[in-house]
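Open the model in your viewer and keep the sequence panel in view. The tour below goes from one selection to the next and says what is there.

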Amino acid sequence: MSIKENLNNIKKQLPDNVRLVAVSKFHTAQEVIEAIQAGQTVFGENRVQEAAAKFDEVKKSFPNASLRIIGQLQRNKVKEAVRIADAIDSVDRIELLDEIEKQAAKIDKKIQVLFEFHTGEESKSGFEDPSLIVEALQKIKDGAYPHIEPRGFMTMAPFTEDKNLVRASFKKLRDLRDQCQKDFPEFDLSELSMGMSGDWQIAVEEGSTMVRIGTAIFGARDYSQAKKD
Ligand SMILES: *Cc1c(COP(=O)(O)O)cnc(C)c1O
């Protein structure tokens with residue numbers, strides 16, 4: 001199946017209100033361009049250096065391509081992330097907001113963020129303590145981060161055959177979103193980035209607004225060339 005066929009196959013199953021983030025990590029600029037030519041506009045990458053090299057090239061021909069950072073972000077990569085991305089979906093600690101604000105202010109760019117919440121036993125990324133997310137939102141509300149726009153939440157479900165655990169993980173994120181939205185009505189926190197190639201149907205049933213799909217679009221990733229970011 002081609003990238004185009006894979007995209008069309010997923011898109012016809014997605015409800016209109018759910019956006020598709022095509023996760024292009026470990027795939028080439030040429031494959032990204034193939035997806036763009038098939039109508040895809042939003043991409044996800046989890047390693048900043050790889051993403052910057054690829055999207056600097058892609059954006060020469062397709063300046064409207066939009067990039068979201070979905071992987072754990074080190075402080076020294078934030079400058080580059082803010083330059084190339086429109087959104088950082090994997091904010092997992094408050095200190096990261098300080099650096100995102102600092103770098104976004106320098107280039108006067110408003111950047112959207114999602115808070116990554118740890119909802120499943122096996123995954124290791126994301127805020128463990130929801131009260132820290134509340135603290136971060138309060139700081140944004142108090143004006144500490146004028147270049148940061150909070151838009152919602154992200155999670156990775158555990159890698160397990162047990163669909164109930166996967167579903168419980170997505171539910172947990174939705175409950176957090178509902179509570180935070182109630183506590184912070186001044187923000188639009190509606191986005192729930194949840195669901196990957198293996199579990200996106202369950203995520204959609206549980207209220208995902210944004211699925212992050214790589215393998216089912218681009219095929220298996222070749223990790224043999226992996227460099228450390
Ligand atoms: C790689 C990755 C995805 C996509 O995974 P697939 O199983 O290939 O669809 C989604 N989210 C994050 C955070 C990722 O790192």
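A residue counts as buried under 20% relative accessible area, as exposed over 50%, and as partly exposed in between. The model on screen is a predicted one.

**Stop 1: Arg93 and Asp92**

Select Arg93, then Asp92. Their side chains form a salt bridge, with 2.8 Å from N to O. Arg93 has a relative accessibility of 25%, so it falls in the partly exposed class. Asp92 has 10% and therefore counts as buried.

**Stop 2: Arg19 and Glu191**

Now select Arg19 and Glu191. These two form a salt bridge as well, and the closest N and O atoms are 2.6 Å apart. The pair joins distant parts of the chain: Arg19 belongs to strand E1 (residues 19-23) and Glu191 to strand E7 (residues 191-193), 172 residues apart. Arg19, at 38%, is partly exposed.

Together with Arg19 and Glu191, they are linked in a network of salt bridges. How many salt bridges does the structure hold? The structure holds 17.

**Stop 3: Glu186 and Lys141**

Move on to Glu186 and Lys141. Their side chains meet in a salt bridge of 3.3 Å, N to O. Glu186 is partly exposed, with a relative accessible area of 43%. Lys141 is partly exposed too, with 41%.

**Stop 4**

Glu135 has a relative accessible area of 43% and is partly exposed.

**Stop 5: Gln103**

Select Gln103, which lies in helix H5 (residues 94-106). Is Gln103 buried or exposed? Gln103 counts as buried, because its relative accessibility is 7%. Which residues is Gln103 in contact with, leaving aside its neighbours within four places in sequence? They are Val78, Lys79 and Val82.

**Stop 6: Gly219**

Go to Gly219, in the segment after helix H9 (215-218). At 23% relative accessibility, Gly219 is partly exposed. Apart from its neighbours within four places in sequence, Gly219 is in contact with His27 and Gly214. To set a distance on screen, pick the C-alpha atoms of Gly219 and Gln49: they are separated by 22 Å, and the two residues are 170 residues apart along the chain.

**Stop 7: Glu34 and Phe218**

Last, select Glu34 in helix H2 (residues 29-37). Glu34 is partly exposed, with a relative accessible area of 35%. What is the distance from Glu34 to Phe218, C-alpha to C-alpha? The two are 10.0 Å apart in space, although 184 residues apart in sequence.

Note on methods. Residues are numbered from 1 along each chain as its sequence is written. This is a predicted model: local features need pLDDT of at least 70, side-chain atom pairs count only at pLDDT 80 or more; totals for chains, interfaces and linings use all residues. Side-chain values use heavy atoms; hydrogens and water are left out. Buried means under 20% relative accessible area, exposed over 50%, partly exposed in between (1.4 Å probe, protein chains only). A salt bridge is a side-chain nitrogen of Lys or Arg within 4 Å of a carboxyl oxygen of Asp or Glu. Helices (H or I, at least four residues) and strands (E, at least two) are DSSP runs, numbered from the N terminus. Contact means heavy atoms within 4.5 Å.
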